[in-house]
Amino acid sequence: MINHLILQKNWQTQLSEAISSIDELLVILKLESLRSQIYVPTHFELRVPRAFVAKMQVGDTNDPLLRQVLPDQREQIAVTGYVADPLAENSQNPLTGLLHKYQSRVLLTVTGACAIHCRYCFRQHFDYQSNLPKASAQDGIIRYIHEHPEINEVILSGGDPLSVSNRRLFGWLERLEAIPQLTTIRLHTRLPVVIPERLDAELLERLASSRCQIVMVIHCNHANEIDDTTAQHLQRARAAGITLLNQTVLLRDINDDVETQVALSQRLFAAGVLPYYLHVLDKVAGGAHFDSSENEAIALYWTLLERLPGYLVPKLVRELPNRAFKVPVDIYKLR
Ligand SMILES: *Cc1c(COP(=O)(O)O)cnc(C)c1O
Ligand code: SF4
């Protein structure tokens, strides 16, 4: 009944009604017993939409979705090697809001806002305020792409590019589609998983009518994140001609076991999405407790190769500063 009421609401309302009170979250999940251990962060506060909470198991302190969003005291521990800007992105901006690190594609920070705050996020310390393109910077970004003919793909990212209004998003699409050399526009977004209603009819129609190939890379870490509503919306996006891929972050005790990864790939496929990347965690300050060792990741990967058809095995990669691609993890070092 409660779920039913949530799903009636449009995505903007769901976004504005996201839970930001740890107390409220614990009451909904009947986990008041956790209250005494709770840590209330002073930056990158709790943020989780109700539709995502509805996919969590009531009463389960180890719910894999809850663990991704509930602040943890271990975030305060400084661990050597875990830093605020693990990818040194602050130094790779040719223009405010634009990252040109990989030859043929640029990443555009449309907004700093996300619908959900993932505790392991490598951008949790990123200074979006000073890195967001102002309306007046749009011209400069478009000119930069024109002047770099090697760019054929633009990635709309953030934050979450689908947390802005259709009007603002369509404004970017129009400017980008007018650049003749661009073949592909990509969206990196967690919103289809967090508030599936974000894939509304207006958005899907607009993307379907683009002259560019549209690729949507969603971010889903666990099969439980894809309920029937989510799957239906993803299937609609696929029917609109959008190529759907998924990236996952490997997270200790959340999805770092074979059964969880196999179930994730199968559930994604059933919803019309192919696995793309399995990222080893970026070493961000406050995220060390989510990290697994590289050897554990490799052992897991060999088993995935055995268990899944090739098209359901994501690429195991690590992102490194100053590398022009996501670096494949060397799985042969263990076999
Ligand atoms: C991940 C990323 C891309 C896209 O990489 P693909 O391998 O094409 O998915 C582009 N630019 C930056 C800065 C990135 O981090
Ligand atoms: S949705 Fe992506 S960018 Fe936003 S907090 Fe989560 S991991 Fe970070």
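This is a predicted model: local features need pLDDT of at least 70, side-chain atom pairs count only at pLDDT 80 or more; totals for chains, interfaces and linings use all residues.
Two residues are in contact when heavy atoms of each lie within 4.5 Å. Leaving aside residues up to four places away in sequence, His-233 touches Pro-196, Glu-197 and Leu-199. The residue belongs to helix H10, which spans residues 228–239. Is His-233 buried or exposed? Its relative accessibility is 8%, so His-233 counts as buried. Its side chain also reaches the backbone oxygen of Thr-229, at 2.9 Å.

Let me now move to the domains. The protein chain is divided into domain 1, residues 2–76, and domain 2, residues 89–334. Their centres, taken over C-alpha atoms, are separated by 23 Å. At the interface, 26 residues of domain 1 are in contact with 33 residues of domain 2. The area buried between the two domains is about 2,600 Å², and carbon and sulfur atoms give 61% of that area. Which residues of domain 1 lose the most area to domain 2? They are Trp-11, Phe-44 and Gln-68, which together account for 32% of what that side buries.

Next, the polar side of this interface. There are 16 residue pairs in polar contact across it, with both residues at pLDDT 80 or more. On the side of domain 1 that touches domain 2, helix H2 (11–16), helix H4 (50–53) and helix H5 (66–69) each supply at least two residues. By class, that side has 15 nonpolar, 3 polar and 8 charged residues. The rule finds 1 salt bridge across the interface. In the model, the side chains of Arg-119 and Glu-75 meet in a salt bridge, with N to O at 3.0 Å.

The side chains of Arg-190 and Glu-225 meet at 2.9 Å, N to O. Why does this pair tie together parts that are 35 residues apart in sequence? Arg-190 lies in the loop between strand S4 (184–189) and helix H8 (191–194), while Glu-225 lies in the loop between strand S5 (213–219) and H10, so the pair links those parts. Both Arg-190 and Glu-225 are buried.

Asp-72 and Arg-74 also form a salt bridge, again with N to O at 2.9 Å. Here Asp-72 is buried, with a relative accessible area of 14%, whereas Arg-74, at 44%, counts as partly exposed. In the salt bridge of Asp-200 with Arg-198, the closest N and O atoms are 4.0 Å apart. Asp-200 is partly exposed at 22%, and Arg-198 is buried at 0%. Finally, salt bridges that share partners join Lys-101, Glu-319 and Lys-326 into one network.

Definitions and conventions. Residues are numbered from 1 along each chain as its sequence is written. Chains are lettered from A and ligands numbered from 1 in the order in which they are written. Side-chain values use heavy atoms; hydrogens and water are left out. Domain bounds come from an automatic or database domain assignment. Buried area is the accessible area (1.4 Å probe) that two parts lose on being put together, summed over both. A polar contact is a pair of N or O atoms within 3.5 Å; within protein, one must be able to donate a hydrogen and the other to accept it, and residues adjacent in sequence count only if both atoms are side-chain atoms. Helices (H or I, at least four residues) and strands (E, at least two) are DSSP runs, numbered from the N terminus. Ala, Val, Leu, Ile, Met, Phe, Trp, Tyr, Cys and Pro count as nonpolar, Asp, Glu, Lys and Arg as charged, and the others, Gly among them, as polar. Buried means under 20% relative accessible area, exposed over 50%, partly exposed in between (1.4 Å probe, protein chains only).
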